[in-house]
Amino acid sequence: MKKVYPDAAAALAGVLKDGMLIMAGGFGLCGIPETLILAIRDSGVKNLTVVSNNAGIDSIGLGILLDSRQIKKMISSYVGENKTFAQQYLAGELEIEFNPQGTLAERIRAGGAGIPAFFTRTGAGTQIAEGKEEREFDGERYVMERGLVADLSIVHAWKGDTEGNLVYRKTARNFNPMMASAGKITVAEVENLVEPGEIDPDHIITPGIFVKRIVHVPNAAKHIEQRTVRKRTAPATPAGTGVEV
Amino acid sequence: MPWTREQMAERAAKELRDGFYVNLGIGIPTLVSNYIPPGMTVQLQSENGMLGTGPFPFEGEEDPDLINAGKQTVTELPTTSYFSSADSFAMIRGGHIDLSILGAMQVAENGDLANWMIPGKMVKGMGGAMDLVAGVKKVVVVMEHSAKNEPKLLHRCNLPLTGAGVVDMVITDLGVFTIDKKGVRGMTVAELAPGVTKDEIRAKTEANYQIDPGLN
């Protein structure tokens, strides 16, 4: 079975439907599957519910799908500095469901692992717990949260082989591995596409069983949301130049 | 003189212990990393999936794949590890992080914390704050004592809670307050900033508190 598709549009062909639930990997603008997001915009699919920790920034990342008004609802932990998001939300055109970040991550992990619900201390005694079942374990209150499964997950990886085995780079890993496991169909964009055997099996983070389709994005744009630097006062080991797996 | 932001961060750094794994929030808490005592080993956790967070990169060496939870470019250290968001919050929720230092809008005398939303205003979301306060072994809040002359240390928070009964210590510009969040002792004034009087604390604090015998 061939998993590699020639471009992002081909990798999403036949998968997109109005009103579907899509999980999109990334934290801020780090590790986002932006080539696939652009292909979703071009497809014109509408009324999407999107699960993603953040909602991009204006016109970047998921901000692209907010600009084009293809998103009906976001499930996120923090939507930060996105003017388009605020405008659409305040105009009643966009729904938001806030989940604590760890609860969101665990809902996705649980969904991918076939676990329909779990109990967490996070949010006990807050409005996040309202309407949810609560139980006491060992004298502590816990809130029941549901697992999440997506019609489609889109993820970004640093390296992948044609079998769909994925490796992520640094903090661009974030939500991508859980989302890969929680999609009924998972499409991965990979910066480096290699043959099976070229990735040490001990280094694979997402096994290929979770990935149905792959597209090679050698020139994917990467964005920095908050560029912070320090003065070069003395020679030091350069950051981020370590040898990768 | 009340403490400055830097002095509040310096005071918060006294809660660090050798070998601690620590999560620092945005704002004054981030400054705490400037006051880690020489010779002490502390690993900073960034909830987006990094343990052993290094300093900001030199100009030209920023890496879009390497950011902290504030989305700022950072660097890695020899001790650094990377992991998924699920593993990151397993560390947090599972009680493996020793200390969380974060900001707040309001703290109540029973340890309730509000720092994520103001009804009627655009809500940005709670991010990882609810998980941190629910799971980390010790929670220290660093904040201004008052907001526009309104007290922030209250009997009960009137803003939506981030966590119920979660705060162990509050460091403001006026002093240090400890909270017996699981017990009955409530809030105690443990230290005063230089020149700050008990009368000033009384005038600017709504919460009930005891005064540490050492201050009498």
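In this predicted model, A:Asn47 lies in the loop that connects α2 of chain A to β3 (48-51) of chain A. Its backbone has a positive phi of about 55°, although A:Asn47 is not a glycine. Most residues other than glycine have a negative phi. With a relative accessibility of 42%, A:Asn47 counts as partly exposed, because that class falls between under 20% for buried and over 50% for exposed.

Just after α2(A) comes A:Gly44, with a positive phi of about 80°.

Chain A has another non-glycine residue with a positive phi: A:Lys170, at about 50°. A:Lys170 belongs to the loop between β10 (166-167) and α6 (176-182) of chain A. Is A:Lys170 buried or exposed? At 5% relative accessibility, A:Lys170 counts as buried, because the cut-off for that class is under 20%.

The next topic is the nonpolar interior. In soluble globular proteins, nonpolar side chains tend to be buried together. The largest nonpolar core here comprises 42 residues, and those with the most contacts inside it are B:Val107, B:Leu113, B:Val141, B:Val170 and B:Ile171. Several elements of chain B supply at least two residues each to this core, namely α1 (5-13), β1 (21-24), β5 (99-102), β8 (138-142), β12 (169-171), β13 (175-180) and β14 (186-192). Around B:Val141, once its neighbours within four places in sequence are set aside, the contacts are B:Leu102, B:Gly103, B:Ala104, B:Val107, B:Leu113, B:Val167, B:Met169, B:Val170 and B:Ile171. A second, separate core has 37 residues, including A:Val50, A:Phe98, A:Val215 and B:Val123.

Helix α1(B) has B:Met8, B:Ala9, B:Arg11, B:Ala12 and B:Ala13 as its buried residues. Among the elements of chain B that cover these residues are α2 (28-31), β5, β8, β12, β13 and β14.

B:Val107 also takes part in a sheet, where its bridge partner in β11(B) is B:Leu153. Strand β6 (residues 106-108) of chain B and β11(B) run parallel and are joined by two bridges. The open sheet in question has three strands of chain B in the order β7-β6-β11, with mixed pairing. Its edge strands, each pairing on one side only, are β7 (113-114) and β11 (153-154) of chain B.

Elsewhere in chain B, strand β3 (residues 50-53) contains B:Leu51. B:Leu51 has a relative accessible area of 13% and is therefore buried. Which residues are in contact with B:Leu51, leaving aside its neighbours within four places in sequence? They are B:Tyr21, B:Leu44, B:Gln45, B:Thr79, B:Thr80, B:Ser81, B:Phe83 and B:Met91. B:Leu51 and B:Leu77, which are 26 residues apart in sequence, have their C-alpha atoms 9.3 Å apart in space.

The remaining topic is empty space. Rolling a probe the size of a water molecule over the atoms shows where such space is left. The second largest pocket holds about 510 Å³. It is lined by 28 residues, of which A:Glu140, B:Ala164, B:Gly165, B:Val166 and B:Lys182 are the closest to its centre. At least two lining residues each come from β8 (140-146) of chain A and from α4 (129-135) and β13 of chain B. The largest share, four residues, is that of α4(B). By class, the lining of this pocket divides into eight nonpolar, ten polar and ten charged residues.

How many cavities of 30 Å³ or more does the structure hold? There are four. Of its 15 lining residues, A:Leu29, A:Gly31, A:Ile32, A:Ala221 and A:Lys222 are the closest to its centre. Seven residues of this lining are nonpolar, three are polar and five are charged. The second largest cavity has about 60 Å³ of space. Its lining consists of 14 residues, and the closest to its centre are A:Gly25, A:Gly28, A:Ile32, A:Ser52 and A:Leu62. In this second lining, seven residues are nonpolar, seven are polar and none is charged.

Note on methods
Residues numbered from 1 in each chain as written. Chains lettered and ligands numbered in written order. Predicted model: local features only at pLDDT ≥ 70, side-chain atom pairs only at ≥ 80, totals over all residues. Heavy atoms only, no water. Core = buried A, V, L, I, M, F, W, Y, C linked by side-chain atoms within 4.5 Å. Buried < 20%, exposed > 50% of the residue type's maximum accessible area, 1.4 Å probe, protein only. Contact = heavy atoms within 4.5 Å. 1 Å grid on protein atoms, 1.4 Å probe; cavity = no way out; pocket = protein on both sides within 12 Å on 5 of 7 lines; lining within 4 Å. Points joined across faces, edges and corners; volume = space filled by probe spheres on them. Nonpolar A, V, L, I, M, F, W, Y, C, P; charged D, E, K, R; others polar. Pairing = 2+ DSSP bridges.
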